[in-house]
Amino acid sequence: MNKRILFVHTRELCYYSGSYFLQQMQKEVAKLGIESQYFSLGQDPSSLEGILGRHYDGVVDINSKLPYFVLEDDRRFLDVLDAPFYNYIVDHPLYHHPGLIFPLKDYHAIAIDHCHKSYMEKYYPHLQQVAFLPIGATQSRLADVIPYEKRQIPLLFLGTYESKDGMLEKFRALCRKTFADPKIRQEFYDLGMALLEVMLAGKESANGERVEIPMEEALAGIVDQEKLQAGAYGTRDFAVLMNYLYLIDKYVRNARRHKVLSYVADLKVPLTLVGEGWEKVPLAGQAQVRLLGAKRIEETYDLLADARQVLDVNPLFADGVHDRVTSAMINGCLCCSDMSVTADPAMGDGRHFCHYSNWNLDPLGYALTGMPLGQQEEMAGRAKTYAVDHYSWQAHAKKLLDLMQIRP
């Protein structure tokens, strides 16, 4: 019997990237000779019942809603489907705690960050497997057409922005909504503010440099375990507490973006911003800053192919690989990123991307204002070759089938 994989789309990600990623997986898996199907849930969960009764060797979804679905006889949909289910978690797992806690019969997870992988292994022991596999990188049809020195976008940034003040107000509103008891509400708020400060400060690495601290590590270092076990924060479960504090993660990632983009703007480097929210910040009014607003993810790859440098401010993936980095690389850009150099040790040698940190922006400044064009092009070319071999959708499909133990 031919192997068959079902790719189900139940939750859209920002800029319609979720459906796009799943469709790329389905296409590349099919090219390897595996029968595959892409199914979008839309607005009607009952449409899923049409796939019951068919045999699948694997079901894949991103940040999935499937674990929540229950049939009329109270059986869980995924248990009735009776196929290995792979929940591809592309955020910190704390955001998806409600969907990860279900003890399904054949539940697997995929992470794009080594710390996220360890987190799921520790707090969701019922998962039969947790694998590490970054999302694939898309190469524009223009990637080999426009020479590096003739690209029209000196520096490109892709990402949304929400103000820090706005995030704090959301957190205050969450406290008011979640906790009726004023004492618990205050305990929770104080814990959130302390966590925010620890995460903004980072931690010292083995070589003495400051690096991102995973939220779970930061929280474990400051939470009063006796209070936690007594329910002082509204729960006794650490993973639930992480989920309650999701707005702290959002606050810090936006604070990081604001700091780095403000630094770049002060350098007066021509900057093209793609994403929502930037029109509300002062740097938007600077002459060298161009705002393109929100774009569907498939529209961004042609922009990458016309960019010389791409700025990545990693979304608090302390040891992960974001597709923004690898897509920049595969399109021949010099990527400037605060991605951990240990996330992919082969890229952490300083030859594939320019690494900076939020505590040391000087390497970023040099890359943007001092690095010779020839050196930029050399690094970008080396990165492109590596990304084609290791992060293309074709390479991704092979790794996905391998972790699913499915042979073409």
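## The second largest cavity

By class, 6 nonpolar, 2 polar and 3 charged residues make up the lining of the second largest cavity. This structure is a predicted model. The residues that line this cavity are His92, Asp113, Cys115, His116, Pro214, Met215, Glu216, Asp249, Leu316, Phe317 and Ala318. Two helices, α4 (114-123) and α7 (215-222), each contribute at least two residues to that lining. The space in the second largest cavity amounts to about 40 Å³.

## The largest cavity

How many cavities of 30 Å³ or more does the structure hold? There are 3 such cavities.

The largest cavity contains about 50 Å³ of space. Its lining is formed by Leu78, Asp79, Asp82, Ala83, Phe85, Leu104, Lys105, Asp106 and Tyr107. These residues divide into 5 nonpolar and 4 charged, with no polar residue.

## Aromatic pairs

The structure holds 17 aromatic pairs. One of them joins Tyr68 and Phe102, whose ring centres are 5.7 Å apart and whose planes meet at 80°, so the pair is edge-to-face. Tyr68 belongs to the loop between β3 (58-62) and α2 (77-81), and Phe102 to the loop between α3 (97-100) and β5 (107-111); the pair therefore ties together parts that are 34 residues apart in sequence. Are these two residues buried or partly exposed? Tyr68 counts as partly exposed because its relative accessibility is 33%, whereas Phe102 counts as buried at 16% relative accessibility.

Tyr123 and Phe238 form a stacked aromatic pair, with 5.4 Å from centre to centre and 20° between the planes. Tyr123 lies in helix α4 and Phe238 in helix α9 (residues 238-244), so this pair ties together parts that are 115 residues apart in sequence. Tyr123 is partly exposed, with a relative accessible area of 24%, while Phe238 is buried, with a relative accessible area of 11%. Helix α4, which holds Tyr123, also supplies residues to the lining of the second largest cavity.

## A ring cluster and charges over rings

Ring pairs also link several residues into a cluster, namely Phe171, Phe179, Phe188, Tyr189 and Tyr244.

Which residues place a charge over a ring? Arg4 lies over the face of Tyr56, at 5.9 Å from the ring centre. The charged end of Arg296 sits over the ring of Tyr16, 4.2 Å from the centre of that ring.

Conventions:
Residues numbered from 1 in each chain as written. Predicted model: local features only at pLDDT ≥ 70, side-chain atom pairs only at ≥ 80, totals over all residues. Heavy atoms only, no water. 1 Å grid on protein atoms, 1.4 Å probe; cavity = no way out; pocket = protein on both sides within 12 Å on 5 of 7 lines; lining within 4 Å. Points joined across faces, edges and corners; volume = space filled by probe spheres on them. Nonpolar A, V, L, I, M, F, W, Y, C, P; charged D, E, K, R; others polar. Helix = DSSP H or I, 4+ residues; strand = E, 2+ residues; numbered from the N terminus. Phe/Tyr/Trp six-rings, centres within 6.5 Å; stacked < 30°, edge-to-face > 60°. Buried < 20%, exposed > 50% of the residue type's maximum accessible area, 1.4 Å probe, protein only. Lys NZ or Arg CZ within 6 Å of the ring centre and 35° of its normal.
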